[in-house]
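Colleague: I would like to learn how to read side-chain contacts in a model. Could you take me through them one feature at a time?

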Amino acid sequence: MRNRKIILPALAIAALSAVYAVAQPSKNVIDEVAWVVGDEAIFRSDIEEMYQQLRSEGEVLPGDPYCVLPERIAVEKLYLHQAKIDTIEVPESSVNSNVDQRINYFIANLGSKEKVEEYFRKSLPQLRESLREFTRNNYTISEVQKELTKDIKATPNEVRKFFDALPADSIPYVPLQVETQIITLNPNVPRQEVEDVKARLRDYADRVNRGEADFSTLAIMYSEDGSFMQGGELGFHGRGEWVPEFSNVAFNLSDPKKVSRIVETEYGYHIIQLIEKRGDQANVRHILLTPKVSSKDLKDATSRLDSIRKEIIGGAIPFDEGARFISQDKDTRNNRGIMMNQNNGSSRFQMEELPPQIAARVEKMNVGDISEAFVMKDPKRNKDIAVIVRLTNRIEGHRANLSDDYHMLKEIYENHKKQEVLREWVEKKIKDTYVRIEDGWNNCDFRYSGWVK
């Protein structure tokens, strides 16, 4: 079944093209079929829409967009067809989160929601739906590619041979990297502020339970979590995918018409409403409110950290011990305060990979220096915290070598092998699939061979 050709008769293609042209609203340029891959057509409007979207995101295309983009769409269709065969699905929560980020990016760069709608010639709900499909397809394709390349693991000998074969001018340049430790303190939150937040959440819950308000509407209006744009909906998750306090309450809900008690987590205070359970997964809505801290509370936290810094510099407390027993950053306190780079799993960061407030301090520090306390926004929990940072290592920019940059070279080699596997797969798939490129669209230097037979 994997090698079965997908064939669409020529008469059906012509009919599809004619029906589509009639069904489209009047345009300056009549829509046309550019490519056909299997039983799916690629229209000029598909290509134009992708081109506009990529331009809005600042992507520079490597060549003529009317050659690059239809081929890109065609390759996507090959991967998506394979995903159907392999029954690959992606979590809607991941899709929704990515769409939110894109829309917020558009609004920030274009200036307002109205300008976004004007630019894309779509209402925000229409744009959201287009982006959902676009994002879902990207996630799906990524999962297919992971499955196709999952067995690629490089040995040290292979990495060494790969590195030795690189021409001198092809050895990658490694920018400045740093390694850091941090200690953080959360400012004290006034009790009255906490009580005010809880009172608001109790009011929302009572209104929903009495049938006077819709939970999703209240989430859109008041929730401080990124899911507010979906009415607080988080999508299906397993018990271990949420923090324990949230998960324990969410999975114990049984009545979709009722709202949970108030739940405290590291992110703030929540109320939760069950949408649906499927086996060991649940989909819920929530409203998150975070108590606000005053400038005085932040000043008190930084003053305390400055005192701790003086004790560390004076030798009374090792930095490692301060991180373990004082720091309130759960991601680093059990690792001697060492910050880990989520992009590559190492302790090394290029400057642009660090939170901006930390990068600004580290840039001016010498190895062993400890910064004065400062306030930064916790990127995971979206709240202000007080921080001191220690620069433990600085690796100046250099040409890669096996002793210092083995993990990076291993990743480069494995990515190279993965691209070879994916290219072979795509070109084999092209041979097994009906492809038709209309006149005017086939005079291109395509990335993959086999399109034009």
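Modeller: Start with the salt bridge, which is a side-chain nitrogen of Lys or Arg within 4 Å of a carboxyl oxygen of Asp or Glu. Glutamate 224 and lysine 292 form one through their side chains, at 3.0 Å from N to O. This is a predicted model, where local features need pLDDT of at least 70 and side-chain atom pairs count only at pLDDT 80 or more, while totals for chains, interfaces and linings use all residues. Residues are numbered from 1 along each chain as its sequence is written, and side-chain values use heavy atoms, with hydrogens and water left out.

Colleague: Where in the chain do glutamate 224 and lysine 292 lie?

Modeller: Helices (H or I, at least four residues) and strands (E, at least two) are DSSP runs, numbered from the N terminus. Glutamate 224 is in the loop between helix 9 (215–222) and strand 5 (233–238), and lysine 292 is in the loop between strand 8 (281–289) and helix 11 (295–313). The pair links distant parts of the chain, 68 residues apart.

Colleague: Is glutamate 224 buried, partly exposed or exposed?

Modeller: Buried means under 20% relative accessible area, exposed means over 50%, and partly exposed is in between (1.4 Å probe, protein chains only). Glutamate 224 has 32%, so it is partly exposed. Lysine 292, at 48%, is partly exposed too.

Colleague: How many salt bridges are there in the whole structure?

Modeller: The search finds 22. Among them is the bridge between lysine 330 and glutamate 266, at 2.6 Å from N to O. Another joins glutamate 212 to arginine 210 at 3.0 Å; glutamate 212 is exposed because its relative accessibility is 53%.

Colleague: How should I read aromatic pairs?

Modeller: Rings of Phe, Tyr and Trp (its six-membered ring) pair if their centres lie within 6.5 Å; planes under 30 degrees apart count as stacked, over 60 as edge-to-face and the rest as tilted. The whole structure has eleven such pairs. In one of them, phenylalanine 106 and phenylalanine 120 have ring centres 5.0 Å apart and planes at 45°, so this pair is tilted. Both phenylalanine 106 and phenylalanine 120 are buried. Trp35, Phe446 and Trp451 make up one aromatic cluster.

Colleague: Which ring does the charged end of arginine 361 sit over?

Modeller: A charge sits over a ring if NZ of Lys or CZ of Arg is within 6 Å of the ring centre and within 35 degrees of the ring normal. For arginine 361, the ring is that of phenylalanine 374, with the charged end 4.1 Å from its centre. Arginine 55 lies over the face of tyrosine 51, 5.5 Å from the ring centre.
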